[in-house]
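Subject: Structure handover

Hello,

I am passing the structure below on to you. My notes on two of its interfaces follow.

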Amino acid sequence: MGKVSAKPVLFANSIPAQAPMDPEMTNSSASEAVAIGAAKRTPEVIARRVRGLSDRAIAWLFIAPTIVLLLAINVFPLIWTVYLSFTNYKANRAARGVEWVGLDNYRRVLTDSDIWHNMLVTGHFLLWTMTFQVLIGFGLAWLINKNFKGHGVWTTVILLPMMLSPAVVGNFWTFLYQPQIGLFNYIVGFFTGVDPSSFEMIGSVNLAPWAIVIVDTWMWTPYVMLICLAGLRSIPDYIYEAAEVDGAGPLRTFWSITLPMVLPFLMLAVLFRAIENFKMFDLVVELTSGGPGSVTELASINLKREAFEKWRTGLSSAFAIILFVTVFGAANIYVKALNRVKQR
Amino acid sequence: MNRFFKTAVPLVLATVASGVAGKAAKAEDITLCWAAWDPANALVELSKDFTAETGVGMKFEFVPWPNFADRMLNELNSGGKLCDLMIGDSQWIGGGAENGHYVKLNEFFDKENISMDDFAPATVYAYSTWPKGEPNYYALPAMGDANGWFYRKDWFARPDLQAAFKEKYGRDLAPPKTQLELKDIAEFFQGREIDGQKRYGVAIFTERGSEGITMGATGALYAWGFKYENTPGKYDMEGAVNSPEAVEALEFYKELYKCCTPPGYTDSYMQESLDAFKSGQVAMAMNWFAFFPGLYKDEQVGGDKIGFFVNPGQKVEASTLGGQGISVIAYSDKKDLALQYIKWFAQPEVQKKWWSLGGYSCHVAVLNDPGFKDSQPFAADFLLAMDGVQDFWQEPAYAELLLSMQKRLHDYVVADQGTAKEALDKLIEDWTEVFQDEGKL
């Protein structure tokens, strides 16, 4: 804020009608001129009301709606969820009354083998989607960065999957994975000679976890590619030219220049995607409903079932808090690592 | 200014008046919520008579089956006013009654001389009463239903297939009388080429997300004599839920799934069963009787090509109950109009028309009619099925109980994890925890 914004508002009506622009005006004085102009256009009714308010008060006035909204839809529900996690509350049986159960819900969640299974499934999904998306995304970005003929068209084509709705993607991949008529099975059969109807991507215990990894990778690799592309294009050409003068080969250039300079971008992409995939729900529900059995039942799917199908509100609140702390803690550690990489 | 007032005031008044008039017209509408399926279309047709007689308009909120419970239970739990009437699943009656979602209808029935004796006892027990069997009515039986079977009658009649079957199994190829016979027939058709196409044995329910695999597997479990409790009302499940017969039945269902379903049939419910049959993939399929009128009319596989049979027994004759009662929602502002609909719907003449349009009436005036059995090719089987129907828990905690069973059955049958005994043991653990939470154990 400072002097620029304060002056015009406080003394809006005492400002001369037209302040001529100095041709050598600095950036700050340009902003001041804009602010003065805005102040002049402020209706007298409003100007009279805010006259006499301090900078800080005006600042609070501006951000108050956002703060209130945040408190109402973020902070309050979070505190309320923490409270509910210590009770046996059931949202569908409100009349039953609420009892304080202490840490019992947390104990139940942390000792439930099914929930640990969900966490393992989520871990598998995270690990492999991140691995594939980073490798393929970086590779595609590197290729697109070559500026070959038609690279713009290819960029658009590659970006298409991430523009679709996850529910739609999940749904149409169930058809692609269909053993008898599915395109995916047909292509695999065509190249390997295996009978397409002899394997079931979403019905097999062994293949289903990979089926969801493939679809997520197909959909979100373009996102990683886009961020990597931004990283690659931010590397100045003179660094490569200097490396060439120093006699560095392509491999050395890649390891010593390209990778280190793209790494912060890559890590940022991984952070965004990992948080998203930790919460992954819609795509997998449409694809497998968590099946066969519970083989692809991610933590978020089980959480939804506990909260809104079984209506164990207290228990699911504890589960949600545990997931929140997990992702929040991991993200914080990761961000610190990211900052260290950026400082190098 | 004067001119402005002269123009604006009448306009505003006219707008307000039309709004009020619109609202008055809307006050005579009621909304009925149900699943989106064939019988719902029949009900829309039937309800036109109600509107013609009473002037009360009918709106409908139909939700596809996979989302029906989720959507409607959320509506009830949030005290929503979307529905004035609801044709809710039979298992919801406990929650509907205990949580105050449904209006108790006893006084209304007494006042309007609606007798529950006019409806088939099994349907009154299943769709209307809570606690079970007590004369506390929260719904009028609206749509009788059970899980049944249909088959390719034209394939069964082919001499070459008849001969091949007889040679292999030593009996005629005919609708099965037992579950084991059903599996024989399914195995016989599995992978067999008929008219140049590869066919499969059977389409059964394996769906994971809502209620599919439970509704399918209980068809086998009930046939083997499965019980939820040793003593009704005591929640003593050990030895009942995991009895040797229950284990055998569950193993059977898994074998049937493994041996005789089409490839990729891992998450299939009503629609997938219909699709598999209508596309000529399978020789037999399970589904609710509610779909049978539509199947019989189907141009490709209906008419002479289709036959129907009741769920085969094994140790006992039993079928999985479907169907629903119609309830008045306690949160509705139009309960009087909703009750008026129920009074109209309970009339024998309306019930007869309901059956003729494709709805399964539970009224004795329809079911006891001498011509009923011959009125449709599946009518006799429907009566037979309704004689031996069994339902899932109808407890207020039904959703928790159902989801546990979905998980344990799918883990065992489709995902190949553990044994049948382990699946049922884990189910008892889950259910015990639920009943402990409920304070019933």
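Between chain B and chain A, 10 salt bridges are found (a salt bridge being a side-chain nitrogen of Lys or Arg within 4 Å of a carboxyl oxygen of Asp or Glu). In one of them B:R408 pairs with A:D114, with 3.0 Å between the closest N and O atoms.

Before the rest, the conventions. This is a predicted model, where local features need pLDDT of at least 70 and side-chain atom pairs count only at pLDDT 80 or more, while totals for chains, interfaces and linings use all residues. Residues are numbered from 1 along each chain as its sequence is written, chains are lettered from A and ligands numbered from 1 in the order in which they are written, and side-chain values use heavy atoms, leaving out hydrogens and water.

Chain B and chain A

In this interface, 31 residues of chain B are in contact with 28 residues of chain A (contact means heavy atoms within 4.5 Å). The buried area is about 2400 Å², with 37% of it from carbon and sulfur atoms (buried area is the accessible area, for a 1.4 Å probe, that two parts lose on being put together, summed over both).

On chain B, α3, α19 (398-413) and α20 (420-437) each supply at least two residues of the side that touches chain A (helices are DSSP runs of H or I with at least four residues, strands are runs of E with at least two, and both are numbered from the N terminus). The largest share, 8 residues, comes from α19(B).

The two domains of chain B

Chain B is assigned domain 1 (29-145 + 322-390) and domain 2 (147-320 + 397-437), with bounds from an automatic or database domain assignment. Their C-alpha centres lie 27 Å apart. Here 24 residues of domain 1 of chain B are in contact with 23 residues of domain 2 of chain B.

How much area is buried between domain 1 of chain B and domain 2 of chain B? The value is about 2000 Å², and carbon and sulfur atoms give 65% of it. B:Q91, B:F378 and B:Q390 supply 30% of the area that domain 1 of chain B buries against domain 2 of chain B, more than any other three residues.

Across this domain interface the rule finds 0 salt bridges. Of the residues on the side of domain 1 of chain B that touches domain 2 of chain B, the largest share, 4 residues, comes from α18(B).

Regards
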